[in-house]
Amino acid sequence: MNQPADSAGVERAVAKGLAGQRVRIGLVGCGVVGTGILRLLRDNAETIEARLGAPIEVVGIAVRDPSKLRDPLVPAELVGTDPMALATQDDVDVVVEVMGGLDPAGAVVKEALEKGKHVVTANKALIAEEGETLLEMAESTGVDLYFEAAVAGGIPIIRVLREALASDRVVALSGIVNGTSNYILSRMTSAGLDFADALAEAQAKGYAEADPTLDINGGDARHKLAILATLAFGARVDVHAIPMEGIDTVSALDIAFASRFGYVIKPLAIGRPTDDGELDLRVHPALIPESSVLASIHGALNAVHIEGAMLGPSLMSGPGAGALPTAMSVVSDIVDVGRNLITGAHARVPSRAFRGSTLQALPLASPKSHRGRFYLRFDVHDRTGVLGKIANVLGGFDVSIEQMVQEGGQSEGNPHATLVMLTHVASAGDVHGALEEIDRLQYTTGPSRALRIEEG
Ligand SMILES: NC(=O)c1ccc[n+]([C@@H]2O[C@H](COP(=O)([O-])OP(=O)(O)OC[C@H]3O[C@@H](n4cnc5c(N)ncnc54)[C@H](OP(=O)(O)O)[C@@H]3O)[C@@H](O)[C@H]2O)c1
């Protein structure tokens, strides 16, 4: 057995590994995150060197438009437009990809891995869509490909799943992993804003992109869930097979009714292995009890709740985006890669938490097979017998009502009512079958609404 490393041993390894050198990085992209990385490397230079044993030096930066006005801390003499050059040049030890998107980011990362360079990326789309190929390339060439910032920005959830939980089995995870959608639903809850106003506010504050589609339709959270599911459950996951629902169909009315029953509506990403050997992965808004831990995650914050078979429940929360929190995760990955460079211990910890050969392609549970409680809302003509007819259809689909409230009103002179019901445990397939029939029979004045209730 090897002798435990003493501090002199580590010093010797440092001397041998980088021999008075630096960890040299090529920064591919210098926007929000890239500039944050430069700021962090400047402000925390001393502490990083003390922890790593060598300084980190930026040797080149690639951007799309070099004429753009940039923060004065971006060294103009290092700025170029050729990311591929950084992926191949000899004096780059670690390629740091923070440009985003699949193309050309994917090609740059592949080129870097092929050239035997270590890669750190914040690109969730790239890891969710092409991670399998890239991580296999990294494993076969014996280099590190790290992506802490790709999920939940500044929260070190990847590292926790990869290292801290290496001895445990994760039996469930649920998280708020998209800050924009959490901000929108939080403002709809706290200020009574409707969806469009809350979105406009999120954009004005810089929480939402100019094109917020992926935040709102669940696509961004689905990317992150695919990554988390691989690390938590050792599963190969086809990101496009994960069922998702966006938050854009949640109305201020749903939020107000949920609150009357003691619930808040949150944008959730959920994963758990089922007893049938399937993986239940879902992204959707859901009602959760006001007393549950995720209910207290407000605004643009993110949180991930993990249930370990031995550990039990554990929650990590913090900023899911922003220049410095995200840069913190990226640079911590660079420090890790640098430590591996120094000690010659590349790929000691598998990037996907599990050795690639042990990853399983578990079938995903059908969304229809999900069983749980549901929140249902029906807008109906306020006529005698409508409630009975709706209850009949629900009963025919084995959906039984646990609680109900009815509120009346007038619409264009006609009396109408809103019926809100919480069901007992039912299958999602049955609930949706019942709603389709209720809407088809025109008992309602608009499409009926179903939201899942997660008990938290
Ligand atoms: N922003 C966050 O809070 C956050 C949080 C977690 C993860 N991330 C991830 O981090 C990555 C970067 O996000 P960001 O917000 O920093 O994006 P950003 O502000 O749009 O910056 C992108 C950078 O990449 C450069 N770039 C884009 N296409 C290029 C090309 N073809 N060749 C060379 N350079 C190119 C841009 O150049 P120009 O400057 O010339 O336009 C810009 O410097 C994304 O994958 C994102 O998902 C971001």
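Colleague: Where is aspartate 398 found?
Modeller: Aspartate 398 is found in the loop between helix H14 (386–396) and strand E13 (401–411). Helices (H or I, at least four residues) and strands (E, at least two) are DSSP runs, numbered from the N terminus.

Colleague: And what is its phi?
Modeller: Aspartate 398 has a positive phi of about 70°, although it is not a glycine. Most residues other than glycine have a negative phi.

Colleague: Before we go on, what kind of model is this?
Modeller: This is a predicted model: local features need pLDDT of at least 70, side-chain atom pairs count only at pLDDT 80 or more, and totals for chains, interfaces and linings use all residues. Residues are numbered from 1 along each chain as its sequence is written, and side-chain values use heavy atoms, with hydrogens and water left out.

Colleague: What about alanine 353?
Modeller: Alanine 353 has a positive phi of about 75° and is not a glycine. Look for alanine 353 in the loop between H13 and strand E12 (371–381).

Colleague: Which peptide bond is cis?
Modeller: The one from aspartate 103 to proline 104, with omega near 15°. Proline 104 sits in the loop between E4 and helix H5 (105–114). Most peptide bonds are trans.

Colleague: You mentioned E4. What does strand E4 pair with?
Modeller: Strand E4 (residues 94–97) pairs with strand E5 (residues 118–121) in the parallel sense, over 4 bridges. Two strands pair if DSSP finds at least two bridges between them. Valine 94 has histidine 118 in E5 as its bridge partner.

Colleague: What is the strand order in the open sheet?
Modeller: The order of the 6 strands is E3-E2-E1-E4-E5-E6, with parallel pairing. Strand E3 (79–80) and strand E6 (145–146) stand at the edges with a single partner strand each, so one side of each has no neighbour in the sheet.

Colleague: Last one. What does aspartate 333 form with arginine 159?
Modeller: A salt bridge, with the closest N and O atoms 2.8 Å apart. Aspartate 333 lies in helix H13 (residues 323–343) and arginine 159 in helix H7 (residues 157–164), so the pair ties together parts that are 174 residues apart in sequence. The rule is a side-chain nitrogen of Lys or Arg within 4 Å of a carboxyl oxygen of Asp or Glu. By this rule the count is 26 salt bridges.
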